[in-house]
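Welcome! Take a moment to look over the model below, and then let's walk through some of its features together.

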Amino acid sequence: MDQQRGVILMENEIDGNWAWSSFVPGAEVPWDLKAAAHLYRRAGFGATREMLENAVSRDVCDVVDELLSGDEPESFRLQMSRLAAAALASGKAEQLSAWWGYRLLSTPAQCLEKTTVFWHGHFATGADKVTDPGLMLTQNELLRLSAFGDFGELVGKISRDPAMLVYLDSATNRKAHPNENFSRELMELFCLGEGRYSEVDIREMARCFTGWEVRRGEFRFNRYQHDTGVKTFLGETGEFGGEEAVRIVLKQQSAPEFVVSKLLRFFVMDELPQRHSDLIEPLAREFRETGLQIRPVLRRILTSRLFYSRYSTGRRIKSPVELAIGLLRCLEGTTNTQELSESLRQLGQGLLYPPSVKGWDGGRTWINSSTLLGRSNLVRRLITNQNTRFGKKSLREYLSDQGLKRPFEMIEAFEKMLFAVPIPVAAKERIESLMRPGTDVSTNEGLHALCTLPEFHLC
Amino acid sequence: MLRSLRNVCVMLVMVYGLTVMPLAAQDLRPIDVVPATAVLYLEISDPVAVMASVIDHAVMKQITGLDVFRRATETPEFYRAIAARKFFELQMGMEWRAAVEAIGQKGVYFAVDGKTRGNILLVRGRDEQIMQDVRLKLLELTRLGGDQIRKLETYRDIPVYRLEKFGFAVVRDWLVVSNNSEAGKLLLDRLLDLSAADGESLSGVKSFGEASAARSAEPGVWSWVHLENLRALGLAEGLFAERTENPLAELLFGGIQSVLRKAQWVSTELQMTAQGLNLKTSMPFAADWIPESRQWYFGQDAQGRVPAVPEVPETLMTLQAYRGVSEMWLRAGDLFDEQTNDRMAEAESNLGTIFGGRDFGEEVLGAFSPAMQLLVARQDFSEVRPAPAIRLPAFALILTMDDPETMRPELRRTFQSAIGFFNIVGAQQGQPQLEMDIQKSDVMDVITSHYVAQKKDQANPAAPVIYNFSPTAVFFGDQFVLSSSESLARTIAEARRLPLEDAHTAVAVEGTPLRAVLNDNREQLISQNMLQKGQTHDEAEAEFQVILQLMEYLQNAKLRLVPSESQLTLEAAVQLQATGSTEDGSAARGNSDGK
């Protein structure tokens with residue numbers, strides 16, 4: 001009942017073996033439209049009614065494998081590259097942000113794009129500091145290319161990524177004055193988490209990255225500025241360079257646990273149980289055993305019993321990106337992505353504009369009295385924007401084409417596609433009474449009213 | 001016998017009365033009806049011809065025949081408009097065009113009366129019957145539209161219908177609409193019996209006669225504004241202000257504003273011909289109307305004229321003007337407010353630094369003749385690397401030096417300083433550096449600069465926008481060309497000059513190179529459209545194609561300001577061309593008249 005009202009209740013502990021065993025649809029948790037919508041909302045941004053019906057007719061593992069294939073047609077990739085080049089030609093990072101918004105809305109591989117958003121928050125780099133949008137695009141492409149791949153390889157590449165080095169003030173790193181920013185964030189934010197290293201580890205590791213520079217937008221190793229001396233950190237001693245430093249960090253026991261717990265918070269639940277080591281451990285072990293490959297871990301998560309259970313559904317708060325892109329994708333919506341990206345920025349989740357190197361905290365931090373109003377306004381702007389079309393039509397015409405003409409039919413359809421938890425009956429009745437059949441304004445108002453319900457903000 | 005003769009006479013008088021009286025009514029002109037106190041009068045004397053010139057135009061027929069046009073009309077809004085048209089046709093019992101032609105066959109006239117502040121619309125139909133039909137249909141449409149007739153009055157046996165914002169009546173073949181009852185009554189009085197009506201009509205106004213004498217016989221839209229009356233009534237005060245307070249507005253229109261303060265009237269004539277659209281605005285003019293503080297605008301005795309334009313291939317725009325900018329700068333104290341003068345003083349100080357401490361207004365601007373021009377031309381990047389992703393046209397400012405021997409070395413040094421300044425700023429921002437070169441010959445000095453391509457850009461066909469520029473200065477004879485591109489500067493220096501135009505200001509835009517520039521930036525514009533409208537590439541491309549196809553019909557557009565001894569004329573012309581356009585935008589051009 002509490003879950004139905006959208007209130008998040010946290011259990012103290014969840015059994016890891018039960019959690020990561022494969023999901024078997026049954027009477028209690030069937031593989032139905034609701035479960036399929038949950039999968040698409042979490043693994044991607046959302047699915048149309050037709051996609052959901054298609055998913056339900058197939059095996060859940062097949063649907064997950066399709067999502068994790070990350071396949072985008074060559075023509076789509078080519079078109080996106082051209083669009084990115086055009087956005088870059090303007091010299092404005094805002095245009096690139098709009099391009100990413102366009103990509104999120106139109107990609108056929110939404111799980112790949114969602115995971116790219118995850119890594120963007122994990123390896124947070126902001127275009128307001130990295131003034132060259134070309135560097136931001138290079139990083140964005142790296143994150144997408146490695147989104148399902150080898151985490152170790154990704155960390156290695158991000159350590160040499162010009163945008164990251166510029167963002168962490170490591171564009172010049174001389175042996176006389178090693179820059180500690182990158183080594184600190186590598187351990188604290190990217191691989192291990194707080195409390196898993198000492199200040200000495202930071203200082204010693206910073207020496208490994210001396211001579212790593214950015215010149216004319218490209219990574220350069222300046223051997224004359226590299227400290228070739230012996231370094232001791234995280235229990236190892238040697239004449240280590242940057243590559244060895246990354247390898248040593250990734251060898252730490254806490255590395256897979258840290259990454260897996262972040263993946264869980266992003267894909268499964270905003271708040272982990274108070275005692276969660278048993279929940280994390282099996283997944284971290286699998287992550288380690290597969291050589292830190294990301295795709296198998298995601299597959300385990302998305303096909304798990306936990307993922308389709310009450311511990312997961314409705315247990316996340318939609319981020320602004322999930323809210324806006326999800327709403328549009330579920331209804332085949334297209335819009336002015338320049339305005340969309342600006343609105344997302346105002347709501348605190350500007351694409352390419354994370355608030356700090358920590359990325360977005362997510363969860364309950366998305367909601368306060370100011371952002372709640374902002375989210376409502378965003379939905380209104382999206383629905384009423386003259387460039388917003390749903391399946392190339394107005395919302396009313398789009399729904400009408402799907403046989404949804406009466407207000408209660410529309411509300412039922414919206415509930416299945418857009419809501420993680422049921423809409424209270426009283427709210428449904430109230431909104432239905434506001435809607436007059438057959439008018440664009442009334443249909444738009446009805447959808448907007450639904451999107452202002454607390455339940456809509458749960459994912 | 002006498003009785004018979006008298007009867008014959010009586011019959012003749014009756015026949016005369018029956019035939020001549022209606023004729024007198026038919027001969028009534030709108031300018032006999034509109035009061036002399038009118039401040040604006042607009043006339044479409046032959047609406048049938050005007051409508052035909054638009055609807056039956058070769059270009060219009062081609063546009064409506066395009067697939068993209070048909071697709072664009074497949075919208076609910078368009079279908080609603082079609083439904084409204086059908087309803088109108090049903091009401092009138094004839095096809096819409098025939099109905100419109102019948103209703104406005106003898107002219108449509110609009111006026112604003114300065115005395116009553118009333119707006120007046122006069123429509124003269126084919127005959128009395130059609131106008132009576134219109135009256136009835138108007139009543140019906142008004143009711144259907146939810147507007148209720150607030151009052152039905154009878155004025156001198158004519159039913160007058162009053163709605164919330166206006167009233168209307170039909171007198172013989174005239175439909176009279178006005179938002180002011182006093183103005184409406186005045187019109188009805190004149191229509192019913194001109195000889196008994198009070199006051200003067202427009203036909204008796206001297207300045208109206210002057211203006212209408214100069215109008216052409218071609219059908220079109222003609223308007224007249226009684227500036228003298230407007231000034232006397234204190235209307236449109238902004239138009240007659242003494243100063244613009246804005247340097248750019250002053251530079252563009254300062255002199256015209258002085259003329260508006262003195263001229264009695266201004267008339268405008270708009271015509272659609274087979275070749276295109278022509279607009280001509282005229283007003284009386286006298287050189288001594290221009291105050292001393294604005295002598296820089298038209299020159300001594302208003303003799304200032306534009307220079308000759310160089311013939312440069314792929315020119316998409318030229319702007320030629322006569323403006324004594326130096327004098328305007330030095331007279332800033334008389335022309336602008338304190339705030340603007342402060343800003344100009346600050347700018348002068350900064351510019352003085354760039355120009356080696358020389359007085360910007362006196363020595364720099366003053367070193368050039370007031371006749372100047374700006375030329376914009378398409379750039380060809382097909383053989384150039386790096387080629388910018390956004391391909392801007394090149395532009396050049398062409399000036400005539402009063403004292404070339406003194407100014408040439410000064411300007412050369414200034415240009416070199418400016419390039420050095422750009423390099424310092426560019427280096428701070430990680431931009432490529434400009435490399436300079438100087439070439440001298442017997443006929444010209446050329447100082448060029450080019451951005452040295454960064455390694456990553458060297459073979460790039462989509463490089464940053466900065467590669468559009470290769471700032472160049474050329475000196476030849478008394479001419480100084482400052483151009484954004486070396487190629488354009490050299491072409492201008494070597495180009496043949498076109499014949500001089502008798503104009504004070506002239507702007508020309510050419511359609512073909514403008515289309516080519518749009519096409520050069522095709523992918524960029526399509527991408528922009530995709531992001532702004534959320535369209536797919538195909539949709540955005542189709543929309544771009546529509547713009548390109550519509551642009552096919554633009555041959556050129558021109559604007560000229562010509563002062564003569566007694567008149568100031570502003571002429572605007574848009575020349576259209578019918579094409580054998582295909583869906584891919586290629587076209588086999590021909591004359592619009594089909595020759």
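## Where the chains meet

The contact between the two chains takes 16 residues from chain B and 18 residues from chain A; two residues are in contact if their C-beta atoms, placed from the backbone, lie within 7 Å. On the side of chain B that touches chain A, helix 21 (residues 522-533) of chain B gives the most, with seven residues. By class, that side of chain B has seven nonpolar, seven polar and two charged residues. Here Ala, Val, Leu, Ile, Met, Phe, Trp, Tyr, Cys and Pro count as nonpolar, Asp, Glu, Lys and Arg as charged, and the others, Gly among them, as polar.

A word on the model: it is predicted, local features need pLDDT of at least 70, and side-chain atom pairs count only at pLDDT 80 or more, while totals for chains, interfaces and linings use all residues. Residues are numbered from 1 along each chain as its sequence is written, and chains are lettered from A and ligands numbered from 1 in the order in which they are written.

## A look at Gln338(A)

Gln338(A) sits in helix 18 (residues 337-346) of chain A. Helices (H or I, at least four residues) and strands (E, at least two) are DSSP runs, numbered from the N terminus. Leaving aside residues up to four places away in sequence, Gln338(A) touches Ala98(A), Leu531(B) and Gln532(B).

Is Gln338(A) buried or exposed? Gln338(A) is buried, because 23 other C-beta atoms lie within 10 Å; the cut-offs are 20 or more for buried, 12 or fewer for exposed, and partly exposed in between, with C-beta atoms placed from the backbone. Leu96(A) is 242 residues away along the chain, and its C-alpha atom is separated from that of Gln338(A) by 9.1 Å.

## Domains of each chain

Domain bounds come from an automatic or database domain assignment. For chain A this assignment gives domain 1 (153-243) and domain 2 (393-457), with centres, taken over C-alpha atoms, separated by 52 Å.

Chain B is divided into domain 1 (48-200) and domain 2 (289-563), and 49 Å separate their centres, again taken over C-alpha atoms. Five residues of domain 1 of chain B are in contact with six residues of domain 2 of chain B. Helix 4 (58-65) and helix 5 (67-72) of chain B are the elements that give two or more residues to the domain 1 side. By class, that side has five nonpolar, no polar and no charged residues.
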